[in-house]
Amino acid sequence: MEATRQEGLRRLDAFTTDGVQRYAKTRNFDFGPHDRSNVSVLSPYIRHRLLREEEVIASTRARHPDDATRKFIEEVFWRAYFKGWLQHHPTVWAAYRADTKKLVAELEDGGELCERFISATEGNTGIDCFDAWAKELTTTGYLHNHARMWFASIWVFTLELPWQLGADFFLRNLLDGDPASNTLSWRWVSGLHTKGKTYLARVSNISNYTEGRFNPQGLLATEATPLQEERSHPTIAPSLPDTEIPDGRFGLLMTEDDLGATELLGGKTPAAILGIAAPRLRSVLPIGTEAHSFATNAVRQAVDAAASELEVDGRYTEADEWSATLVEWATQHHLETIVTPYIPVGPVYDALSDAKDSLSDFGIRLVLPVRRYDRETWPYADRGYFKLKKKIDTILERLDLDNDDVPFTTPSGGNAQIDFLNERG
């Protein structure tokens, strides 16, 4: 899959032209890796913000009446909900990372857990549907929405593996691997996100929505007892300060969390651009080839395009530790400030937070402008999704998408999918 904004626009055009009207009726069917005509496969582009949520929604509304595309638009808002919820509950991410690190250490000691983990991730469990999805994920970097739910449920309730290792497996391999959507969806399946509510993969459901390709009769758990956790995760309102692009000499930092960064500069031109790709920060275990390739290529090509457009020096690098890299770059270009879009909770946020003190020691200011879409949606994402869902029309009115500068006429072709593991709404 080509990791460029142009390819994302092409797929968006194709989906809003031919696919979105039948999305609500057919979206739950997993026709197999060679037929994704019923979904969008836009999620890798939205996850890295090669496409903005606003333009996906606006393109859809411009071509079709709201009642025909409402389900798709609501699914776009699921991503905003997950991002906003994790911003309100950052200790969930910290706990997941700590738990995963301990579990990986246990895997390294060998033993029964390690054997079962390897069997699951290599697709050797004897459950044909699960094994096929494991292999599809590692070879393509993608799984259908419904298959993600079934896979997670089988992982937790049939194979009785730790949910954290399953979430890590997805995050390491998905092209659209998103810290919030992925972590919280696994927690939802397990009964931790919505307390006591689990998702049980059923033979009849799998057989129906794969059109008989799989029928794991007698192989799946018949009950899904909610998992429990000792920790509590308080609600902490995220601080989203108003930030303006400075008048002095500044550099633009582009990361895999938001590659549409030039849109936030208000017409000002940076002295230099630095792109840091850091997919290795997703896990202490190796990152899948397809996911690593998509993320690094997306950053590299976005930096090249921005540097060419703005006629400034553009540099690309991969770094696991950001402090020295950022200080060296800022010093080289005599930067007073580094500007980057507000980074949500996740591995990139962790890396930038670790570098903040070093930048401050060298007198380099860090400015993180918040996108209007995030500012409008996140306040309604502190509890369940339906609080945000009820505000969708109000938010769309505030965003005034009918007057947004949205591309509608890109080359046709391709198809798509949003990166939501669940089918709520």
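Predicted model: local features only at pLDDT ≥ 70, side-chain atom pairs only at ≥ 80, totals over all residues.
**Entry: the overall build**

I went through the secondary structure and noted 18 helices and five strands in the protein. I then checked the radius of gyration, which is 21 Å, close to the 22 Å that the globule rule gives for 425 residues, so the protein is as compact as a globular protein of that length. For the extents, I have the C-alpha trace spanning about 65 × 55 × 35 Å along its principal axes.

**Entry: the largest cavity**

Back to the cavities. I found about 90 Å³ of space in the largest cavity.

**Entry: the largest pocket**

Which residues lie nearest the centre of the largest pocket? I get Gln87, Tyr342, Ile343, Tyr349 and Ser353, out of 21 lining residues. The pocket holds about 460 Å³ of space.

Next I asked which elements give two or more residues to the pocket lining. They are helix H6 (90-108), helix H15 (347-361) and strand E5 (365-367). H15 gives the most, with five residues. By class, I have 15 nonpolar, four polar and two charged residues around this pocket.

**Entry: a helix pair**

I finished with helix H9 (residues 145-158) and helix H10 (residues 163-173). At what angle do they pack? My note says about 145°, with the axes 9 Å apart. The crossing of H9 and H10 is right-handed.

I listed who makes the contact. From H9 come Arg148, Phe151, Trp155 and Val156, and H10 answers with Trp163, Leu165, Gly166, Phe169 and Phe170. Seven of these contact residues are nonpolar, one is polar and one is charged.

Key. Residues numbered from 1 in each chain as written. Heavy atoms only, no water. 1 Å grid on protein atoms, 1.4 Å probe; cavity = no way out; pocket = protein on both sides within 12 Å on 5 of 7 lines; lining within 4 Å. Points joined across faces, edges and corners; volume = space filled by probe spheres on them. Axes fitted to C-alpha atoms, helices over the stretch in contact; angles between N-to-C directions. Helix = DSSP H or I, 4+ residues; strand = E, 2+ residues; numbered from the N terminus. Left-handed = near helix turned anticlockwise from the far one by under 90°. Contact = heavy atoms within 4.5 Å. Nonpolar A, V, L, I, M, F, W, Y, C, P; charged D, E, K, R; others polar. Rg over C-alpha atoms; globule rule 2.2 N^0.38 Å.
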